[in-house]
There are 4 protein chains.
Amino acid sequence: MPTFTPYPAPELQISEWLNTPSPIRLSDLRGKVVLIEAFQMLCPGCILHGMPLAAKLHALFRESGTVAVLGLHTVFEHHEAMRRASLEAFLHEFRYTFPIGIDAHRDGQTVPETMQAYKLRGTPSLVLIDKRGVVREILFGQVDELALGVAIGKMMAE
Amino acid sequence: MPTFTPYPAPELQISEWLNTPSPIRLSDLRGKVVLIEAFQMLCPGCILHGMPLAAKLHALFRESGTVAVLGLHTVFEHHEAMRRASLEAFLHEFRYTFPIGIDAHRDGQTVPETMQAYKLRGTPSLVLIDKRGVVREILFGQVDELALGVAIGKMMAE
Amino acid sequence: MPTFTPYPAPELQISEWLNTPSPIRLSDLRGKVVLIEAFQMLCPGCILHGMPLAAKLHALFRESGTVAVLGLHTVFEHHEAMRRASLEAFLHEFRYTFPIGIDAHRDGQTVPETMQAYKLRGTPSLVLIDKRGVVREILFGQVDELALGVAIGKMMAE
Amino acid sequence: MPTFTPYPAPELQISEWLNTPSPIRLSDLRGKVVLIEAFQMLCPGCILHGMPLAAKLHALFRESGTVAVLGLHTVFEHHEAMRRASLEAFLHEFRYTFPIGIDAHRDGQTVPETMQAYKLRGTPSLVLIDKRGVVREILFGQVDELALGVAIGKMMAE
């Protein structure tokens, strides 16, 4: 992983939450490692790699209490094709049960708010936030599980 | 592959075609082996196995002139989630360029017309039609490429 | 597959047979499609791709009576490392049960006899012989199962 | 990973070293996380999973200075088939360049010395030793890279 300059994680800007009884705020997750999978439901790399990895992370750490896994639906293309009804069918068909926030769109903007705030290059992007709420890495594209595990293990031990 | 009773292939009932300048009729394809990939764009088995296989078949036989590969979008669930705009974005994102017919829905029916006529069990289903227009096999779920190749090679040699 | 000029299959020159009660001669297999997997037990491509494919072919066609699958141990390097005791342990550990012939070495020759007669480029090589005993294809390296199946299906239909 | 009772790592008992200019002692590696891949060159799980993983670990941590990766050839079956000449050909063919120790055999014993001392269940086994020289985990069979990475990352942070 190349060098990355850490910075305080901007709060999520979410228009709607799925798979969670109440909205989630990063500020409520201090003390936990937070992993955010930014995805679009029709992006091939997200379907084939990003979302299965997020589901695996969620299953691995569900009982840990020290790592939280979130999905962030950052639609920046084909907006008409990826509305809430399609997203819900996608999550249902693939059995994705971890919390998913739909990134908020300001009127007339193509790129949604949270995606802009984090300056994501595209999807899938995996955002690693440490226990103090600092963005430590943003991994774009296919992620190596071994190297990812090492990075998470180190953050858990801090 | 279990024993299958061959029968004359019913004509396709298509409401709209994509990736083709003009509608395609099975009756115009006599003399060719025809492979029809019945899929739903949000069905995991279709995304992960069925459609990549169909694309591979299309690439392998594109120059042959003796094998035709078609997709059939047989939506029988989550209808709202898989409208034409979503399907077009899906095909664009995954770079699927072979002809796709949208299976026609009669008013008030959940299962579309062609899917009913072929009595498909679900998606993905790969329909193998021989040069005389007879359905020789319908393969449901993940398909073994080696066995499939043998079946196609035999039909090509008829 | 590139163009290949068919030629009559030279008879196998085998010093020892494993996994078969009696020696096998190509001339006794006329009327069957014959698939010969030429391998070395310590060649990575053979271990990872060639031999698993040969085993799969053997399982697929075991009951057919029309396709025979053979292994040919063509040692042309590291001779000391791949003697019969090592080969037997290899076959036992990987549960390979199809007939294996050890390609005969003439005194002082590095490349064994059958490998020379077929002018194999290296290992793994899959030799496709038709029902009349003619070599139709020699596939070097990793083989696509779909295309291979088509080639076999056509030969079966001849 | 199930609960494991940590214990001080017994010193390695090695008859010969490959891929290293001088013998390696665990006692010289205090302060580093040590990962030992116990394998047999003809064990399928070792060839397909264990050794590729060890090579990946070696490549990932080569520059780190804080993680050492070793191979341990623990032959407990087919002794005749896995002598040094065969092992050297295996390492050469698969391009394995990390240090490999051949586990020492006492006269008349089937199971080699280090394998006995660590009470390994079989091969492949991955032994995780922390910076203080304590065995923290022994992973038998195919290992999940994500979970392994987390375990290594935590040990690195200690």
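Let's start with His78(A). Buried or exposed, or in between? His78(A) is partly exposed. It has 19 other C-beta atoms within 10 Å. The cut-off for buried is 20 or more, so His78(A) with its 19 does not count as buried. Keep in mind that this is a predicted model.

Where does His78(A) sit? In chain A, in the loop between β4 (67-73) and α2 (84-94). Now the backbone. Phi of His78(A) is positive, near 50°. And this residue is not a glycine.

Over to chain D. His78(D) lies in the loop between β4 (67-73) and α2 (84-94) of that chain. Which kind of peptide bond runs from Thr123(A) to Pro124(A), cis or trans? That bond is cis. Omega is near -5°. Pro124(A) belongs to the loop between α3 (113-117) and β6 (125-129) of chain A.

Chain D again. Thr123(D) and Pro124(D) are joined by a cis peptide bond. Omega there is about 0°. Where is Pro124(D)? In the loop between α3 (113-117) and β6 (125-129) of chain D.

To recap, on your screens. Look at His78(A) and its positive phi. Then go to the cis bond at Thr123(A) and Pro124(A). Finish at the cis bond between Thr123(D) and Pro124(D).

Definitions and conventions
Residues numbered from 1 in each chain as written. Chains lettered and ligands numbered in written order. Predicted model: local features only at pLDDT ≥ 70, side-chain atom pairs only at ≥ 80, totals over all residues. Helix = DSSP H or I, 4+ residues; strand = E, 2+ residues; numbered from the N terminus. Buried ≥ 20, exposed ≤ 12 C-beta atoms within 10 Å, placed from the backbone.
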